[in-house]
Amino acid sequence: MLKLDRRQFLSTASAFAMLPASTSLAASASVELNALVADIQLLPEGYGPTSIWGFDGTAPGPEIRLAQGSRLQRRLVNSLPEPTSIHWHGVRIDNAMDGVSGLTQNAVPSGETFEYDFVVRDAGTYWYHAHNKSFEQVARGLSGALIIEEPDEVDVDREEVLILDDWLLDPDTAQIVGDFAAPHAMSHGGRIGNYITTNSVYNLALDARQNERLRLRLINASNARIFPLRLDGLQGWTVALDGMPLVKPLPITDTIVLGPAQRIDLIVDVVASEGETAHVVHLGQGDAFSQVAFEVRAGGAVKRRGVPSPLPPNALSMVDLGKARAMSLTMEGGAMGGLRSATLGGDSKSIGEIVDAGRFWAFNGAADGMDGPAFAELSQGEHVRIAIANDTVFPHAMHLHGMHFYEIGNDGNLGALRDTTLIERGDTREIAFVADNPGKWLLHCHMLSHAASGMSTWIDVA
Ligand code: C2O
Ligand code: CU
């Protein structure tokens, strides 16, 4: 555990708000994204710097902000000691640009480059991250925000991109704990950090005005942490999930749960009074923690505004559940999961042999991960529904590349569009989508240690 307790961290919060890591709003003019080993001051003053791997040497990496319909062009320069690649999470993308090393491209060796070049069709809050040994490279800091702007300005006073993360740090050295493939993290809830940050700042503090209307773009970039959040002194609506606008802004009345890789866009009004502090409170681990504080300064507006308009929808195909092909995917394994055997390379193996191969989980009885055959061969334009059953004692955040899907509600109707769905232990979630994007698309748990130890597969759309 860290030497500083929460109270001491809280007292240094305002100094933290000055760090440059929190002010990456300007779009990067560079056409390069250089994956670098760098030192950043992650812990408070008095602690040494932390050596991270970051795009352009920062964590989060530079914010990429583009207009809907424009072209994203970035040359990945790999200055790391090992191969890497970049995945553009949530983007409906050309398959060749999806950045999955071993499936859509070869990992880019040290010292080499790769040109990413694609059109961004949908507006929304997305992110990019390393996709080679993600369980290690993302934990070292290789991620950043990707913001695609709607054609018309949204009626808010300002917006904040808030990247929630956690870091597993050794408090004596300030360094990232290096056992990324620790069997315990892989077989349990994943790699959970001991230092929670927003935009790499602990207890991030920002200024606000009373009745100011903010758009908050929350991104969970952690390896495995689920963030349960409550608003305090802020009132408003959820307007988008995983980048995709809700048909109607949904008033926030309850805890907001953000699983790994998920995003949520909120439009909130500052209802705390001048001199007070509003908070995005993190309810994790039984201890209320100020994830983000808004210190309310003088000069606010007298009146609150009315209900915001919905964000303009992105043009996605609607699923016809009546004609959708039904499939099922059962997740098994992990600690206390009772998995006795699974197949690897088509052969039945005992749990001991599976574990020796570095696997702890299985999808439909196979522990091959990305090395196995496709979970489904789909024809382009096919309508599909997949019932994903979580037969383990841990929650999992299942992510499909290349296409958003609808979560099917308990009423059997299409619910929100997402690219990552959080499935609690024992639950089954059905998802549905039109397989309209050709290529090989990964389907995996975004608890990255799980993805690396059996919880990955892929679908082929041709
Ligand atoms: Cu965000 Cu396969 O990843
Ligand atoms: Cu998982």
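Arginine 74 sits opposite tyrosine 116 in strand E6. That pair belongs to strand E4 (residues 71–78) and E6, which run antiparallel and are joined over seven bridges. Strands here are DSSP runs of E with at least two residues, helices are runs of H or I with at least four residues, and both are numbered from the N terminus. Two strands count as paired if DSSP finds at least two bridges between them.

Before going on, a word on the model: it is predicted, so local features need pLDDT of at least 70, side-chain atom pairs count only at pLDDT 80 or more, and totals for chains, interfaces and linings use all residues. Residues are numbered from 1 along each chain as its sequence is written, while chains are lettered from A and ligands numbered from 1 in the order in which they are written.

**The sheet around E4 and E6**
- E4 and E6 are part of an open sheet of four strands, in the order E2-E1-E4-E6, with mixed pairing.
- Strand E2 (50–55) and strand E6 (113–119) are the edges, each pairing on one side only.
- On average, neighbouring strands of this sheet are turned by 25° against each other, direction ignored. For such angles, axes are lines fitted to C-alpha atoms (for helices over the stretch in contact), and the angles run from 0 to 180 degrees between N-to-C directions.
- As background, strands of a sheet pair through backbone hydrogen bonds, either parallel or antiparallel.

**Domains**
- Twelve residues of domain 1 are in contact with 15 residues of domain 3, where contact means that the C-beta atoms, placed from the backbone, lie within 7 Å.
- The UniProt record, an unreviewed entry, puts the annotation "domain: Plastocyanin-like" on residues 41–152, 192–271 and 360–461. UniProt positions follow the numbering used here, feature names are shortened, and annotations may be inferred rather than shown by experiment.
- Residues 41–152 are 4% helix and 38% strand, with end C-alpha atoms 37 Å apart.
- For residues 192–271 it's 0% helix and 64% strand, and the end C-alpha atoms lie 33 Å apart.

**Leucine 164 and strand E9**
- Leucine 164 is in strand E9 (residues 158–167).
- Why does leucine 164 count as buried? Because 25 other C-beta atoms lie within 10 Å, and the rule is 20 or more for buried, 12 or fewer for exposed, and partly exposed in between, with C-beta atoms placed from the backbone.
- E9 is mostly covered, with eight of its ten residues buried.
- E9 pairs with strand E14 (residues 213–220) in the parallel sense over seven bridges, and leucine 162 stands opposite leucine 218 in E14.
- E9 also pairs with strand E12 (residues 195–198), antiparallel this time, over four bridges; there, threonine 198 is the bridge partner of leucine 164.
- Leaving aside neighbours within four places in sequence, the contacts of leucine 164 include Ile219, Phe227, Leu258 and Gln291.
- Phenylalanine 227 is 63 residues from leucine 164 along the chain, yet their C-alpha atoms are separated by 8.2 Å.

**Glycine 412**
- Glycine 412 is in the loop between strand E29 (405–408) and strand E30 (414–418).
- Glycine 412 counts as exposed because it has 8 C-beta neighbours inside 10 Å.
- The C-alpha atoms of glycine 412 and leucine 321 are separated by 9.3 Å, though the two are 91 residues apart along the chain.

Notes. Contact = placed C-beta atoms within 7 Å.
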